[in-house]
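Welcome! Take a moment to look over the sequence and the 3D view below, and then we will walk through this chain together.

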Amino acid sequence: ILTLEVDPEQCVSIVQGDDCYVDVKISWLSKKSHDYCLFTSQQSKPLQCWNNLAQGQLTKEFVSNENITFYLKRNPSKKIVAEEVLEMAWVYKNNGRSHASWRMF
């Protein structure tokens, strides 16, 4: 059994579509030691790899305007053993109208 946790689970931006900046703490825990690498949906290269460990942790800043999926893969098979999503949330939805839709007269 392997667990992957992402904290926080949401990144909140003011307006939908704006970039969201967040420091994410990613941690994982396995019952057995193996070689693992952490990947995201943002890039093809691993964020970090651990050799012959049963747990790991990484804190990193991410900037995005769409959900980010984190994958923990076991080497050498590259099989995805855990997956977690950092979801984007917005205070104001972008509904296509101008923000200056009120009038003074």
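In which strand is F39 found? F39 is found in strand β3. This is a predicted model, in which local features need pLDDT of at least 70 and side-chain atom pairs count only at pLDDT 80 or more, while totals for chains, interfaces and linings use all residues. Residues are numbered from 1 along each chain as its sequence is written, and side-chain values use heavy atoms, with hydrogens and water left out.

**The overall plan**

Let us begin with the whole chain. It has six strands and zero helices, and reading along the sequence gives the pattern β-β-β-β-β-β. Helices (H or I, at least four residues) and strands (E, at least two) are DSSP runs, numbered from the N terminus. Of the 105 residues, 30% count as buried. Here, buried means under 20% relative accessible area, exposed means over 50%, and partly exposed lies in between, with a 1.4 Å probe and protein chains only.

**Around the end of strand β3**

F39 counts as buried because its relative accessibility is 9%. How far apart are F39 and K73 in sequence and in space? They are 34 residues apart in sequence, and 7.6 Å apart in space from C-alpha to C-alpha.

T40 is also found in strand β3, which covers residues 20-40. T40 has 5% relative accessibility, so it counts as buried. A polar atom of the T40 side chain lies 3.0 Å from the backbone nitrogen of Q42. This is a polar contact, meaning a pair of N or O atoms within 3.5 Å; within protein, one must be able to donate a hydrogen and the other to accept it, and residues adjacent in sequence count only if both atoms are side-chain atoms.

Moving on, Q43 is found in strand β4, residues 43-64. The side chain of Q43 reaches the backbone oxygen of K45 at 3.0 Å. Is Q43 buried, partly exposed or exposed? Q43 is partly exposed, because its relative accessible area is 38%.

Which residues gather in a patch of negative charge on the surface? They are E5, D7, E9 and E87. One of them, E5, lies in strand β1 (residues 2-7), and E5 is exposed because its relative accessible area is 51%. The place of a charge is taken as NZ of Lys, CZ of Arg, CG of Asp or CD of Glu.

There is also a nonpolar surface patch of about 410 Å², made by V12, I14, V91 and Y92. Strands β2 (10-15) and β6 (79-92) each supply at least two residues of this nonpolar patch. I14 lies in strand β2 and, with a relative accessible area of 51%, is exposed.

How are patches put together? They are made of residues with over 30% relative accessible area and no salt bridge; like charges are joined within 9 Å, and nonpolar side chains (Val, Leu, Ile, Met, Phe, Trp, Tyr) within 5 Å. A salt bridge is a side-chain nitrogen of Lys or Arg within 4 Å of a carboxyl oxygen of Asp or Glu. Accessible areas come from the Shrake-Rupley method with a 1.4 Å probe, and for residues only the protein chains shown count as cover.

**Backbone details**

Now look at some backbone angles.

| Peptide bond | Form | Omega |
|---|---|---|
| D7 to P8 | cis | near 5 degrees |
| N75 to P76 | cis | near 0 degrees |

P8 has its place in the loop between β1 and β2, and P76 sits in the loop between β5 (68-75) and β6.

Which loop holds K78? K78 lies in the loop between β5 and β6. K78 has a positive phi of about 65 degrees although it is not a glycine, and at 47% relative accessibility K78 counts as partly exposed. N52, another residue other than glycine, has a positive phi near 50 degrees. N52 has its place in strand β4 and counts as exposed, because its relative accessibility is 53%.

**One last pair**

Finally, find N67 in the loop between β4 and β5. N67 counts as partly exposed, at 41% relative accessibility. N67 and Q10 are 57 residues apart in sequence, and in space they are 8.8 Å apart, C-alpha to C-alpha.

How values were computed:
Lys, Arg positive; Asp, Glu negative; His and termini not counted.
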